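This note sets out several points for the colleague who will work from the model. The points are numbered so that each can be checked against the coordinates.

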Amino acid sequence: MKDKRWIVSGLVVFLLIVLFPFWYNRGRAVPPPEVKLTEKAKAEKECVLARDYMKAEHMQILDLWRETVVREGNRIYTNPKGREFVMSLSNTCLDCHSNKAEFCDKCHNYASVRPYCWDCHIENPKEAR
Amino acid sequence: MNTRYLFAFLVVFVLFLVSWLGAAAGLGWLFGVVIPYAAVVVFVVGFARKVLSWAASPVPFAIPTTAGQGRSFPWIPQAKIDNPASNWGVFLRLLFEVLTFRSLFRNTRMRLKEEKLTYQLEIFLWVGALAFHYAFLTVLLRHTRFFLEPTPWCIQVLETLDSFFRVEILYPGVQFGLPAVYLSGFVLLAAVVYLALRRIVIPSVRYVSLASDYFPLLLIFGIAFSGILMRYVTKVDIRAVKELTLGLVTFRPTVPEGIGAVFYIHLFLVCTLLAYFPYSKLMHLGGVFLSPTRNLRGDTRAYRHVNPWNYPVPVHTYEEYEEEFRDKMVEAGLPVEKPLADAADEAAQEKE
Ligand code: HEM
């Protein structure tokens with residue numbers, strides 16, 4: 001029947017759209033990105049906070065740092081282990097992680113996030129404080 | 001209190017508990033691989049079977065809703081979309097029905113106002129439904145970033161637009177706004193809360209609501225709530241999540257370590273929704289296209305609609321009846337359409 005042809009075509013189109021990720025990837029392997037640590041970062045062993053926290057929640061501490069520095073004028077952060085850090089993305093974070101393209105960008109691109117931090121902060125700070 | 005929404009609520013709560021305990025017990029493979037695959041299969045097969053069963057059903061009557069002036073004399077303006085006479089008109093009617101919910105917009109409510117019956121536009125249901133469906137669509141499209149690598153540019157544009165408003169809150173103990181706030185997620189949550197409350201609070205609507213009306217709303221509430229919780233509060237390692245989801249769609253399933261339990265809860269609720277979909281009222285996704293009131297042309301006066309299920313019925317028409325009994329009818333003095341003489345003439349002509 002005439003209608004059946006339409007209905008079946010519509011169904012096929014719908015299922016193709018729904019299953020798009022399956023046939024688009026065609027079973028090709030998509031390995032997750034490998035982030036590269038610089039020698040300096042490796043030597044440090046641990047970041048400002050524990051690794052698992054940094055992996056999932058680093059944006060929170062950056063937000064907190066910005067607030068503390070910009071609104072309260074306080075530049076020193078003390079982590080739970082009692083170690084002190086200057087709260088600065090450019091001068092502290094990027095000091096160890098000086099390889100933005102091999103470190104930050106790797107996961108950010110993979111997860112399709114475009115942090116606005118880089119709107120202002122340049123990736124290889126030259127100025128020293 | 002009402003057993004119908006309590007039941008739906010209870011089911012969602014049990015689903016939440018099951019996935020939470022499962023994640024805590026380290027059943028990552030079951031909740032991260034086996035159940036998602038099973039849910040997709042049930043969804044695809046169930047959806048196809050349901051639509052094919054509809055395709056095999058006849059449309060016995062032409063019942064297009066005539067929501068405007070039908071085609072008539074050339075000097076009477078026709079409502080070309082509300083009472084379409086062409087396939088093109090039907091296409092437009094369905095298109096606007098699907099994109100803007102026009103028949104829901106026409107929803108009115110009767111009220112007695114100063115002893116007089118009035119009809120009011122019930123706009124909030126329409127607004128709520130539109131907000132809900134478009135927010136859901138946006139969230140779904142944005143989620144493709146977990147299943148495609150690299151994320152297509154159009155999805156990136158959508159993400160940028162959706163996070164246009166920078167809502168940032170920072171108090172001691174409260175941090176919100178990084179990662180960027182996606183409006184659609186919150187619109188979805190607000191809309192689903194409104195739609196659920198509407199069914200629970202308004203007595204007349206509650207009266208016609210079943211557990212199967214509450215369940216999808218509560219389930220989607222659970223999905224949106226767990227998603228928002230995962231993005232803004234108890235964060236998960238997105239890199240590990242994407243490793244898992246890409247593993248699923250490339251048929252190389254892996255379960256990376258250290259994905260928070262919220263993710264498995266979110267995913268399990270989504271799987272439930274997928275598997276439940278083909279067997280529920282949610283099939284209006286496919287059904288709207290197959291509604292005879294919307295997809296038939298309003299040309300029933302110009303063309304006869306024959307039920308495709310009609311089988312040939314043996315009939316004896318009046319003409320045949322008269323042919324058979326004409327002499328006896330004339331003899332009895334009954335009126336006949338063709339006098340005896342004419343009938344004899346015709347018979348003679350046919351013989352020649
Ligand atoms: C019916 C389908 C789904 C709905 C309605 C839904 C809804 C949501 C919502 C509202 C959020 C909050 C953040 C946002 O607005 O994007 C969210 C986040 C999230 N969802 Fe879903 N979700 C669905 C399916 C899935 C699936 C299938 C997965 C993975 C297998 C998934 C994984 C995630 C993850 C990992 C997040 C956190 C995102 C982040 O932190 O940026 N969701 N979801």
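1. In this predicted model, the iron atom of the ligand takes its protein donors from two histidines, B:His143 and B:His266. Each contributes its NE2 atom, and these donors lie 2.0 Å from the iron. The site has six donor atoms with angles of 86 to 179° among them, and its geometry is octahedral. For reference, the ideal angles for six octahedral donors are 90 or 180 degrees.

2. The two histidines come from separate helices of chain B: B:His143 belongs to helix H5 (residues 123–143), and B:His266 to helix H11 (residues 261–276). The pair therefore ties together parts that are 123 residues apart in sequence. As to accessibility, B:His143 is partly exposed, at 27%, whereas B:His266 is buried, at 11%.

3. The search for aromatic pairs, run over all chains, returns 27 of them. One of these joins B:Phe73 and B:Trp75, whose ring centres are 5.3 Å apart; the planes stand at 0°, so the pair is stacked. B:Trp75 is exposed, with a relative accessible area of 65%.

4. B:Phe176 and B:Phe186 form a pair of another geometry: the centres are 6.1 Å apart and the planes stand at 80°, so the arrangement is edge-to-face. B:Phe176 lies in strand E4 (residues 174–176) of chain B and B:Phe186 in helix H7 (residues 183–201) of chain B, ten residues apart. B:Phe186 is partly exposed, with a relative accessibility of 27%.

5. Ring pairs also build a cluster that draws on both chain A and chain B, made up of A:Phe14, B:Phe43, B:Phe47 and B:Phe277.

6. Two contacts between a charge and a ring deserve mention. A:Lys100 lies over the face of A:Trp118, at 4.8 Å from the ring centre. In chain B, the charged end of B:Arg142 sits over the ring of B:Tyr182, 3.8 Å from the centre of that ring.

7. A:Cys96 is buried at 16% relative accessibility, while A:Cys120 is exposed at 65%. Over all chains, the disulfide count is zero.

Terms used:
Residues are numbered from 1 along each chain as its sequence is written. Chains are lettered from A and ligands numbered from 1 in the order in which they are written. This is a predicted model: local features need pLDDT of at least 70, side-chain atom pairs count only at pLDDT 80 or more; totals for chains, interfaces and linings use all residues. Side-chain values use heavy atoms; hydrogens and water are left out. Rings of Phe, Tyr and Trp (its six-membered ring) pair if their centres lie within 6.5 Å; planes under 30 degrees apart count as stacked, over 60 as edge-to-face and the rest as tilted. Buried means under 20% relative accessible area, exposed over 50%, partly exposed in between (1.4 Å probe, protein chains only). Helices (H or I, at least four residues) and strands (E, at least two) are DSSP runs, numbered from the N terminus. A charge sits over a ring if NZ of Lys or CZ of Arg is within 6 Å of the ring centre and within 35 degrees of the ring normal. A disulfide is a pair of cysteine sulfur atoms within 2.5 Å. Donors are N, O and S atoms within 2.8 Å of the metal (3.2 Å for Na, K and Ca); water is not among the atoms, so sites may look incomplete. Four donors count as tetrahedral if all angles lie between 85 and 135 degrees; four count as square planar and six as octahedral if opposite donors are over 155 degrees apart and all others between 65 and 115; anything else is irregular.
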